[in-house]
Amino acid sequence: MSPLQNLHDLSVPYAVANQDIAFESFDGDVVVVDLGNGKYYSFSDGGSAVWESLMAGVAPAELVTTSSFGGEIPAFLATICDYGLLVPRPEVAPVPLSASLADQVSRAKEPPDVSVFDDMADLFVADPIHDVEEPEGWPAVKRA
C-alpha cells in the first residue's frame, strides 16, 4: 500500500514528512518550521496537543476518542498532511497514549487548528554561510 492510500488513515502513526520539517514546543505551544519553503506554522492548544501526541507515535484514532474535539481531528490531520508536514507510517506500530499526553489532549480548550505564516520565509531559506556575493553583501537572496 502506498503512503498516499494511508494519507488519512487514523489507525496508523504519522511522522514528519522530511528533514526540512523542524518543530519545537514552547510551554505547550508548538511551532513547526518548513526550512524548505520558509513557512512556519503555529497551532491552537488543541492542535499542539494533537501534534505532540502524533510525534510520540500515537495513532490519531486514539486521540479522536480522548479529545472533546475528537470529531475535528481527522480534518486537522488532513490539513497538516496537505501542508506537507506529516506522512503516514503504516510500517510502524502505534504507541499508546501516555497519561501526560492524554491529560494535555483532554484539557485543550480550543479545537485543533493551524495558522500558516510566511513573513519570514526569505530569512528561513537564506543560507548565510554560502549566500554571500562580494559586491552585494549578505544575504544574497535567490530570486525565484
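A: Helices and strands here are DSSP runs, numbered from the N terminus. Keep in mind that this is a predicted model. Now take Ser44: it sits in the loop between strand 4 (40-43) and helix 1.

Q: Is Ser44 buried or exposed?
A: Buried means under 20% relative accessible area. Ser44 has 13%, so it counts as buried.

Q: Which residues is Ser44 in contact with, leaving aside its neighbours within four places in sequence?
A: Glu110, Pro111, Pro112 and Asp113. As for Pro111, its backbone oxygen lies 2.7 Å from a polar atom of the Ser44 side chain.

Q: Which strands does strand 4 pair with?
A: Two strands pair if DSSP finds at least two bridges between them. Strand 3 (residues 29-34) runs antiparallel to strand 4, with 3 bridges, and strand 6 (residues 114-117) is antiparallel to strand 4 too, with 4 bridges.

Q: What about the turn between strand 3 and strand 4?
A: Those strands form a hairpin with 5 residues between them, and Gly38 in the turn has a positive phi of about 80°.

Q: How many cavities of 30 Å³ or more are there, and what lines the largest?
A: A cavity is a space where a 1.4 Å probe fits but cannot get out. The count is 1. Its lining includes Ser67, Phe69 and Pro112, while helix 1 (residues 45-55) gives the largest share, 3 residues. By type, the lining has 6 nonpolar residues, 2 polar and no charged.

Notes: Residues are numbered from 1 along each chain as its sequence is written. This is a predicted model: local features need pLDDT of at least 70, side-chain atom pairs count only at pLDDT 80 or more; totals for chains, interfaces and linings use all residues. Side-chain values use heavy atoms; hydrogens and water are left out. On a 1 Å grid over the protein atoms alone, a cavity is a set of points where a 1.4 Å probe fits but cannot get out, and a pocket is an open set with protein on both sides within 12 Å along at least five of seven lines; lining residues have an atom within 4 Å of a point. Grid points are joined across faces, edges and corners, and a volume is the space filled by probe spheres set on the points. Helices (H or I, at least four residues) and strands (E, at least two) are DSSP runs, numbered from the N terminus. Ala, Val, Leu, Ile, Met, Phe, Trp, Tyr, Cys and Pro count as nonpolar, Asp, Glu, Lys and Arg as charged, and the others, Gly among them, as polar. Buried means under 20% relative accessible area, exposed over 50%, partly exposed in between (1.4 Å probe, protein chains only). A polar contact is a pair of N or O atoms within 3.5 Å; within protein, one must be able to donate a hydrogen and the other to accept it, and residues adjacent in sequence count only if both atoms are side-chain atoms. Contact means heavy atoms within 4.5 Å.
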